[in-house]
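Let's walk through this structure together, one part at a time. Keep the 3D view open and turn it as you read.

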Amino acid sequence: KMPDRMKAQLESSLLNCPDSLDADSPHFYRKPLSLPHPTSIFFPSEP
Amino acid sequence: FGLKALVPLIRQEDHESAQTYDSSMTLGADLSSMLHSLGIPRDSKRHKVLYTFQSPWAETSRSEVEPRFFIPESFTNIPEVLQSQSTPPCFNSVQEDHQRVALFQDETLFYLFYKHPGTVIQELTYLELRKRNWRYHKTLKAWLTKDPKMEPAVSADGLSERGSYVFFDPQRWEKCQRDFLLFYNAIM
Amino acid sequence: TRKERYFLVFTEWVKLLQRVETDDISTLVFIRQMMEKGVLSNSDSLIEFFKAALELSVFSFKESDPTGEVFTTIDAIGKLITKLLVLQAFSDISRSEYFNIVLSVIAVVFAKDHEQKYVTFNERPHFRLLSNLLYEWEVLRGHDFIKISDNQTRRELSEFDQEFYDIFSTYLHSLQPIAFPGFSFAWVTLISHRMFLPTMLRLPKKSGWKNLMLLLIDLLNFLDTYTSKNEVSNAVSVVYKGALRVFLGISNDNPEFLIENHLEFMNNLPPSYFQLKNVILSSIPKKMMLPNPYDSNLSMEKLPACQELPEVFYDPISDSSTLKKPVDNYLRIPTNSLLRTILHGIYKTEYDIKNGVGYDLLAIDSNLVRAIVLHIGIEVGLENQKMPYSALFNAKSAYYTLLFNLIHEGTVELKYQVVQVMAEQLRYPNIHTYWFSYVLKTMLTSKDWGEQLVDIQEIILRSLLERLIVNKPHAWGISVLFSQIIRDKNINLLELPFVKNLPEIKNILAPL
């Protein structure tokens, strides 16, 4: 029988289960391709 | 150890409680959806799936993960690419860099436009695409150009035209032809 | 305190990586300064520094805004660890010692966090760090470390590559779910990580297989311990589904790993996991095309593949086992005294609690029975290359009589164990599948059983049916044997007494 403490830990592990983004490549600084520049408000603002 | 032991597995009890075994482990489940989520088989050939394995559970495989890849040395130190000292080149001034941008093909311009918002390169690609008769649609947030094969019909009030246009779809990353009613004030 | 000073140094490192690219010269200068100023000058300061950096990273993960970049500090540590793996001269300590020190600090900080925080423990930062180490190393080792310009270092790293995975998998083994249940889902994700599992499967000379087996057996042991008969907790059944998906991936990419290690897997598989058992035993060699198992004029005798020896990753009945001698002697000269020795040697000293289908405990050592049966199969396979068909496919051969006598003289449990393990050998076309299907078919209608015949027939049928009533995949050898039995004129299954009084079974067999 799984002890209650262990059961609780297993449940919390299920809740925090890493997803594929956690396993993705680490993010580091990348030299920007170009400097910030005021572009039209209609342009997409998120990559 | 005889056949009688298998009877509880075979007789699918209607109420869960009588279920002596968790049937998902004994009789198991139809694996086709699990195999499909793994990308097996993708086509007749057998492809390796573990190199791009996102997670043991389909539910947490929310996004593609960067697979193992290798950038050959020859791809990183290309001297003088686009007359730039450093690789990859950088674009920091509209005056000096716009002629370099003219060397890119359309898809590269679209990529730079969507990938680097709010930067000089987005401005440069905008200018270059306009030069190539593409127009940016403010509400669709997509680029379109006239389908050279046919002339659109301008509306009586002169505020719009109906015709066939080529759009660049950034979701599917391809150009597609559409019949469309274009309002002149919707494009930049 | 010194610890706070280490916090500051580490924070500087994190900020540096947010301003320059990771291969920028300033990162090397920073590391050199850490060495010269005593932050990383010896093992003690190395341990203290990493302990401080790790605690700060785990803390900052918890404090940071979940929608933002939660892993900035964790990613920075991973980068520092791998840079030091490459850059250090490793004069006073070796690369392996350094990597062991770093991983043991990671394990200590992890264990403390896991125990102290109890249910509020969050596995993600610890997962991310280990995942990053796999990622960074994978990037480094591409094309045999071609990114490393210095030849001496490149050669050292290439030699160290296998050790990297040995050491890494050893630490994963110590973090297994039975030991750290709060890390279970991260752990299953790590052992199937795209930068770990395929690499362990394909390291030169299968050098990653032993440790990979260890980890997969850890997973099966965890499942076996907590899969109880009438109720399986939701979390455990999710772990099971993850395990099933991992095994399907392995079976697709590297079936030979499951083929050559099937004995170890069967020894550790929870007995009620019929579908996972089928997945493992249904693996077929990559290039092999399977003939249709239901084809009525299919005969294993005519299949050249059925003469091939299946690869086995190790000899099942190792010299250390007390029974290797009596078994080998019996195969040479069958005597009753040897048989008695074997029969006495396979009982366990205490009951084995098993969540079996139809039984709760075993008195006989199933691993030993499995080893003996497979050992006999291996011997037959070797003999088959020298001796004529009639010598081996013969109910008078020592190989057959040993199995026959173990069943005949054994308790009903032993009968079941031997038959079930023989059924496990019915896999893709090879000499084991061929010979054991000959043995089972012969035993099914052999008059030598006397009044035991009906019992043996029931046990054989049960061992086959339990593998076929399950959702696919089905092992090729099982399907072939069963369809041959259905067509066999010498036996009418529906007339058998134990079928007659079990309508559920009869309903399955009648249409077939």
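A salt bridge here is a side-chain nitrogen of Lys or Arg within 4 Å of a carboxyl oxygen of Asp or Glu. Please bear in mind that what you see is a predicted model. Over all chains, a search of the whole structure finds 32 salt bridges.

Let's begin with one in chain B. B:Arg100 and B:Asp97 form a salt bridge, with their closest N and O atoms 3.1 Å apart. The two are three residues apart in helix H4 (residues 94–101) of chain B, so about one helical turn separates them. With a relative accessible area of 7%, B:Arg100 is buried, and B:Asp97 also counts as buried, at 7% relative accessibility.

B:Lys175 pairs with B:Asp106 in a salt bridge whose closest N and O atoms are 3.1 Å apart. Because B:Lys175 lies in strand S5 (residues 174–183) and B:Asp106 in helix H5 (residues 106–115) of chain B, this pair ties together parts that are 69 residues apart in sequence. B:Lys175 is partly exposed, with a relative accessible area of 38%, whereas B:Asp106 is buried, with 16%. Next, find B:Arg132 and B:Glu128, whose side chains meet in a salt bridge (2.8 Å, N to O). Here B:Arg132 counts as partly exposed at 24% relative accessibility, while B:Glu128 is buried, with a relative accessible area of 7%. Which residues are joined into one network by salt bridges that share partners? They are B:Asp106, B:Glu128, B:Lys131, B:Arg132 and B:Lys175.

A:Ser34 sits in the segment after helix H1 (4–15) of chain A. Is A:Ser34 buried or exposed? At 4% relative accessibility, A:Ser34 counts as buried. Leaving out residues up to four places away in sequence, A:Ser34 touches B:Phe91, B:Asn92, B:Thr119, B:Val120 and B:Ile121. With one of these, B:Thr119, the side chain of A:Ser34 makes a polar contact of 3.3 Å.

Chain A also touches chain C. This contact takes 27 residues from chain A and 44 residues from chain C, and the area buried between the two is about 3,000 Å², with carbon and sulfur atoms giving 59% of it. On the chain A side, A:Asp22, A:Phe28 and A:Tyr29 supply 21% of the area that chain A buries against chain C, more than any other three residues. Three salt bridges are found across this interface; one of the salt bridges in the model joins the side chains of C:Arg194 and A:Asp24 (3.8 Å, N to O). Twelve residue pairs are in polar contact between chain A and chain C. By class, the side of chain A that touches chain C divides into 13 nonpolar, six polar and eight charged residues.

What about chain C and chain B? Their contact takes 70 residues from chain C and 46 residues from chain B. Together they bury about 5,000 Å², 66% of it on carbon and sulfur atoms. In chain C, the residues that lose the most area to chain B are C:Arg194, C:Arg245 and C:Asn252, together 17% of what that side buries. The count of salt bridges between chain C and chain B is one: the side chains of C:Glu138 and B:Arg68 meet at 2.9 Å, N to O. Polar contacts join 19 residue pairs across this interface. H11(C) gives the largest share of the side of chain C that touches chain B, 15 residues.

Finally, look inside chain C, which has 25 helices and two strands. Buried residues make up 61% of its 512 residues. In soluble globular proteins, nonpolar side chains tend to be buried together. The largest nonpolar core has 123 residues, and C:Phe49, C:Tyr98 and C:Phe265 are among those with the most contacts inside it. Helix H10 (residues 209–226) of chain C provides the largest share of this core, eleven residues. Neighbours within four places in sequence aside, C:Phe265 is in contact with residues including C:Met213, C:Leu216, C:Phe247 and C:Ile280. Apart from this core lies another, of 84 residues, among them B:Leu9, C:Ala371, C:Val419 and C:Ile460.

Definitions and conventions. Residues are numbered from 1 along each chain as its sequence is written. Chains are lettered from A and ligands numbered from 1 in the order in which they are written. This is a predicted model: local features need pLDDT of at least 70, side-chain atom pairs count only at pLDDT 80 or more; totals for chains, interfaces and linings use all residues. Side-chain values use heavy atoms; hydrogens and water are left out. Contact means heavy atoms within 4.5 Å. Buried area is the accessible area (1.4 Å probe) that two parts lose on being put together, summed over both. A polar contact is a pair of N or O atoms within 3.5 Å; within protein, one must be able to donate a hydrogen and the other to accept it, and residues adjacent in sequence count only if both atoms are side-chain atoms. Ala, Val, Leu, Ile, Met, Phe, Trp, Tyr, Cys and Pro count as nonpolar, Asp, Glu, Lys and Arg as charged, and the others, Gly among them, as polar. Helices (H or I, at least four residues) and strands (E, at least two) are DSSP runs, numbered from the N terminus. A nonpolar core is a set of buried Ala, Val, Leu, Ile, Met, Phe, Trp, Tyr and Cys residues joined through side-chain atoms within 4.5 Å. Buried means under 20% relative accessible area, exposed over 50%, partly exposed in between (1.4 Å probe, protein chains only).
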